[in-house]
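Hello,

Here is the model for you to look at. My notes on it follow below.

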Amino acid sequence: MWEFAARSLNASAVFTIAALGELIGQRAGILNVGIEGVMLFGATVGFIVAKTTGSYLLGCLAALAIGGLIAALHGFFSITLGGDQVVNGMGIWIMGFGLTAYIGYPYTGPLGLERIPGLLGLSPFFFIAVALVGLTWWMFAKTSLGLRIRSAGENPSVTEVSGINVTRTRYLSVVVSGMLMGLGGAIYSLSYNPVWSINFLLGWGFIALALVFFSMWNPFILLGGSILFGTLWQLSLNPQLVLQSVLSRYIWRTVPFIITIAVLVLMSTKWFSSRWGAAKPQALGLPREEE
Amino acid sequence: MRLGKYEVKLEKKARVTGVEATAISLLAILIGLALVGLIFLQAGVSPLTGYKAIFSYAFANAFGLPLTINRSVFILLCTCAFIVPMKAGLWNIGTAGQLYGGTLVAFGVALVFGAKDPQTPTLAPGIVIALMMLGAMLGGALIGAIPGFLKGRFNTNEIVVTMMLNSVGYWLIAFMIKEGGPFMGGGGEGQGFKLSESIFGPMILGGTFTIPIALALAALLYFVFAKTTLGYQIKAFGLSPSAAKYAGISPHNVPLLVFILGGVIAGLAGYHYFAAVPGVYKIPTNYGDFGDLSFYGIICGLISQGNPLAAIPFALLFGGLTNGGRFVQGQLQLGYGIDYALLGVLMITLVAFQFFYRNTLVWKKLERES
C-alpha cells in the first residue's frame, strides 16, 4: 500500500512542477496551452542527455534549458509579436509533439541508468515539488517580485505607468515557467517512467493545464490537485487495488481523463466560478497594446 | 528601425486580402520546408535530393500517388472537422478522438451485420456500407457532442476536454481490438477484424468513393458559411458570443452544434481511412498514427484561414509531404518520424507568420540629411 502511495506522490511531482510553471506564467498574464509541448521537449532532451552522458543532473539541466528556451519562443510570439496566445500555444504543443517524435525516436526504449535513490520509495523530485510550491507561494505573497508579476497579469498598463517594465517581467515569468514545465517533463522521463516512446506524455500536460484553473491560482490547492490526479493515474494503472479485474485495464486507462473532464466541468459551474473569478488574472491571455 | 538608407516600420492592418493571405501562407510553408531542410542536412542528405524524392514519390509515382490522395482526403476531412468549430471561435483539437469514435461505431455496425462471419445471412452490402457511414457519423457526433455540450452549458474549456477525449478514444479502441476485445482480428496481432470483401468502401474510377464526398463536403461548408443563415449565426457567435446572444443566437446551442458537425465529419475521416482505403479495411495496430495525422487538419485549417475550399490544395500538399516523408525516410536512411518533424516545424512557422496577417512591413527611403 505504501508503495502505491509513493508511486502516486512521485506521479504528482510531475503534475505539480509543470503546473506551477504554468501558474507562474499565467500570473504574469501569459497563457500557455502548449504546456504539453514544452514538457515533451524537456522530457525528450533530458532523457537523451541523461542517457548519453549517464548523468541525471545534466539531464535535468538540459530539460530546464530547453524548457526555458521553448517558452521564450512562446513569449516572443505572445509578448513581442502580440499574437493570439491560444494559437501560439497550440503551435508550441504541435511543434513539441512533432519534433520530439523525430528527435527522440533513435533513443526509444528504457533509460538504462540506476534509479535515483529516494527516501522510502519517494523520489527526491517529490520533495523538490513541495519545496517549490512553498517557494512560489512565498514569492507571490511576500516579495516585491511576486507583486510585480501579479500586477503585470492583472493590469499591465497601470503596472507600466507605475514604473515596472511589464515586458521584462513577463519574459522573466515565462522563461521560469518554461523551465519548470521542462523539468516536469524530465521528471516523468527520468524518474517516474524512464522509458521513451512517441508522445509518451499522453495528455499529462493538458491535465496540468486543467489543474491550474482548478487551483484558482493558489499553489497549495495546486499541490492537492496534483496529488489527487497522481493517485487517480496510479489507480488506473493498478485497478486490482480497488476492484478485482472488473474492467479491462484499457478501460481503466480512460478513467483519469474522464475524471479530468468531470473536475473541469465542476469548476466551470456558476457556483465554482463565482469564487474563481476573483482569482483569475485580469489580463490573462490578452496581448498588451503598445503605443 | 533604420536599415542603411531605408526606414522600416511596422504598421497594423485591419484585414488581409485573399491574395495576401495566400502569399503569407505559401511563404510560411516554404520557410517551414527550408527549416526541415536543415534536418535533412544534419542527417547527411542534401535537402534538394530529399524534397525531390518526397515530391516525386508523392505526386509522380504510380504507387505513391494513390497513397497521397488517400491521406489528403483524410486530412481534408479532419480540416473540415476543425474548421466548423473554428468559425465559432472554438478549438476542436479532438478530431482524433472523434474519428476513433466514428471508427468504432462503423465497425460495430459491420460486426452486427456479420462481418466476422460471412456465412450469416445479412443485408445487401450497399445498405451495410451506408449504415457503416451513418454509424461513423453518429460515433463522431457522440464524441463531439461532449465538448460542445459542456462548452455551451458550463463554458468548460473545450481544448482540455477534446484533448482528454482523444486519450479516452485511443484506449477504447485498444480495448476493442486487443486482448480478446470484441473487435479483435483472427491473427491475434492486436489489430481489428478485417471487413469482408463485399462491404469494402466502393471505388469510383480507381479512387475511393470518399474522394468526391470529401470534396463535395468542402464545397458545401463553403456555401454554408458564405450564404446561409446558419453559417452567419456560427460566425457571429465566433466574433462575439455575447453580442450574438442579443442577436437571438443561442449561446448554448452553437457550441453543441458546431462540435456535433465537427464530430460527424471527423467520423467520416475515420470511416474513410479504415473502411474505404484499399489494403486497410480494418482497424490496424498503428491506428494511433492516424490520430496523430489528424493534427495536420489543425495546420491546414489555420493556414487556409477557415476557408474549406482553400484547404483542398493544402490538404493535398500535406498528404503528399507526409506520405513522401514516410517513404524517403526508408529510402534515404533518415531517422524515423520525418513527417512528425515536418508537422512540428510547419506549425510553428505558420504561427510565427500569423503576425503578418495583422501587421505589415513598410519600407521608406530616408531623405538625405543635409
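The contact between the two chains takes 34 residues from chain B and 36 residues from chain A. Two residues count as in contact if their C-beta atoms, placed from the backbone, lie within 7 Å. On the side of chain B that touches chain A, the elements giving two or more residues are helix H5 (125–154), helix H6 (158–177) and helix H14 (338–353) of chain B. H6(B) gives the largest share, eleven residues. By class, that side of chain B has 25 nonpolar, eight polar and one charged. Here Ala, Val, Leu, Ile, Met, Phe, Trp, Tyr, Cys and Pro count as nonpolar, Asp, Glu, Lys and Arg as charged, and the others, Gly among them, as polar.

This is a predicted model: local features need pLDDT of at least 70, side-chain atom pairs count only at pLDDT 80 or more, and totals for chains, interfaces and linings use all residues. Residues are numbered from 1 along each chain as its sequence is written, while chains are lettered from A and ligands numbered from 1 in the order in which they are written. Helices (H or I, at least four residues) and strands (E, at least two) are DSSP runs, numbered from the N terminus.

Next, a helix pair within chain B. The axes of H3(B) (residues 64–87) and H10(B) (residues 253–276) come within 7 Å and cross at roughly 175°. Axes are lines fitted to C-alpha atoms, for helices over the stretch in contact, and angles run from 0 to 180 degrees between N-to-C directions. That makes H3(B) roughly antiparallel to H10(B) (the term covers angles over 145 degrees). The contact has 17 nonpolar, two polar and no charged residues. Among those meeting are Phe74(B) and Leu77(B) from H3(B), with Leu261(B) and Ile265(B) from H10(B).

Now burial. All eight of the eight residues of helix H12 (residues 296–303) of chain B are buried, so H12(B) is largely enclosed by the rest of the structure. Buried means that 20 or more other C-beta atoms lie within 10 Å of the residue's own, with C-beta atoms placed from the backbone. Just after H12(B), Gln305(B) takes a positive phi of about 55°.

Strand E2 (residues 6–12) of chain B has seven residues and the number buried is zero, so E2(B) lies largely in the open. Seven bridges join E2(B) to strand E5 (residues 359–365) of chain B, and the two run antiparallel. Strands pair if DSSP finds at least two bridges between them. Lys9(B) has Val362(B) as its bridge partner in E5(B).

Best wishes

How values were computed. Angles under 35 degrees count as roughly parallel, over 145 as roughly antiparallel, 65 to 115 as roughly perpendicular and the rest as oblique. A residue is buried if 20 or more other C-beta atoms lie within 10 Å of its own, exposed if 12 or fewer, and partly exposed in between; C-beta atoms are placed from the backbone.
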